[in-house]
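Here are some questions and answers on a single model. Take them in order, with the structure open beside you.

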Amino acid sequence: MLPLVLNFPDIDPIAVRLGPVAIRWYALAYISGIVLGWLYMRWLATRSPKFTTKVQVDDFLIWATLGIVLGGRLGYVVFYNAGYYLQHPVEILYLWQGGMSFHGGLLGVVLAIYLYSRKLHVRFTTFGDLVCMAVPIGLFFGRIANFVNGELFGRASDVSWAIIFPAGGAIPRHPSQLYEAALEGLLLFLIMFAIEMTTRLRERSGFVSGVFVAGYGVSRFVVEFFREPDAHLGTLALGLSMGQWLSLPMVLIGGAMMLWSLRRV
């Protein structure tokens, strides 16, 4: 029996057109992730005495947005296409052409958390727990937007749910964006929610952050086996992709954070 091959759904990447202004699904995904994450953080701040107040969460919104956008863009430039942007430095500012790195965005948000927690004289790891609880929401929407754009698609496959992406040629491929949405977004969100709501581990400052860092690293490392490597990079040492090499340190760092949190008095 021949495998079922699905054609990519005909989805316009532009969600709304207002005259000359075009609002893309990708932009709406970023906005939705940030706003819903902010609302979730405000809700968490009312349920646990270890977290901060709603006012402090509100003030952090602009810091988080800058960390995501600036860190994500610079991370893509440095990690994935440094040679090109060294020759075309002005295009670093062309955010509308795409090109964002989660690992860069993560570093940007970590820096924002550090600076903001110092400003308010609150514990870095505790405020980090609060932010990490909300990050999978943005990851979920971001990966769905990647699917809508038909970008970051998977490797060639004969599974029954393989999809022919417009930019991927006539070859059926894994919808790896949906795998990432399920693992990095939904599953990781549920794991951290369960820890925070049902276990005493929530009282260990930094533990939830460690779960997120290690959990994302494992999820991304696994999904990269199904995701088509960047054409200009291909696979690197040991046959691993850039995404996998960037995720391995996250697993180690996240594990170390959890151990530190458990041993800390």
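Q: Is E203 buried, partly exposed or exposed?
A: This is a predicted model, where local features need pLDDT of at least 70, side-chain atom pairs count only at pLDDT 80 or more, and totals for chains, interfaces and linings use all residues. Residues are numbered from 1 along each chain as its sequence is written, and side-chain values use heavy atoms, with hydrogens and water left out. Buried means under 20% relative accessible area, exposed over 50%, and partly exposed in between (1.4 Å probe, protein chains only). E203 has 48% relative accessibility, so E203 counts as partly exposed.

Q: Where is the place of E203?
A: Helices are DSSP runs (H or I, at least four residues), numbered from the N terminus. On that numbering, E203 sits in the loop between helix 6 and helix 7.

Q: How far apart in space are E203 and S261, C-alpha to C-alpha?
A: Along the sequence, E203 and S261 are 58 residues apart. In space, their C-alpha separation is 9.6 Å.

Q: What does helix 6 reach from its first C-alpha to its last?
A: Helix 6 covers residues 176-198, 23 residues. The expected span is 1.5 Å times one less than the number of residues. For helix 6 that expectation is 33 Å, and the reach is close to it, at 31 Å.

Q: At which residue does helix 6 bend?
A: A bend is the angle between axes fitted to the seven residues ending at a residue and the seven starting there. In helix 6 the angle is about 30 degrees, at L188.

Q: Which helices are included in what covers the buried residues of helix 6?
A: The buried residues of helix 6 include E180, A181, E184, L188 and M192. Their cover includes helix 5 and helix 7.

Q: Which residues does A181 touch, not counting those up to four places away in sequence?
A: A181 lies in helix 6. At 3% relative accessibility, A181 counts as buried. Contact means heavy atoms within 4.5 Å, and A181 touches F140, R143, I144 and L186.

Q: How much space lies in the second largest pocket?
A: On a 1 Å grid over the protein atoms alone, a pocket is an open set of points with protein on both sides within 12 Å along at least five of seven lines; a cavity is a set where a 1.4 Å probe fits but cannot get out; lining residues have an atom within 4 Å of a point. Points are joined across faces, edges and corners, and a volume is the space filled by probe spheres set on them. For the second largest pocket that gives about 480 Å³.

Q: How do the residues lining the second largest pocket divide?
A: The lining has 23 residues, with L106, V110, V213, I253 and M257 nearest the centre. Ala, Val, Leu, Ile, Met, Phe, Trp, Tyr, Cys and Pro count as nonpolar, Asp, Glu, Lys and Arg as charged, and the others, Gly among them, as polar. The division is 18 nonpolar, five polar and no charged.

Q: How many charged residues are in the lining of the largest cavity?
A: The structure holds one cavity of 30 Å³ or more. About 50 Å³ lies in the largest cavity, and its lining includes R220, E224, R227 and D230. Four lining residues are nonpolar, three are polar, and the charged number five.

Methods
Helix = DSSP H or I, 4+ residues; strand = E, 2+ residues; numbered from the N terminus.
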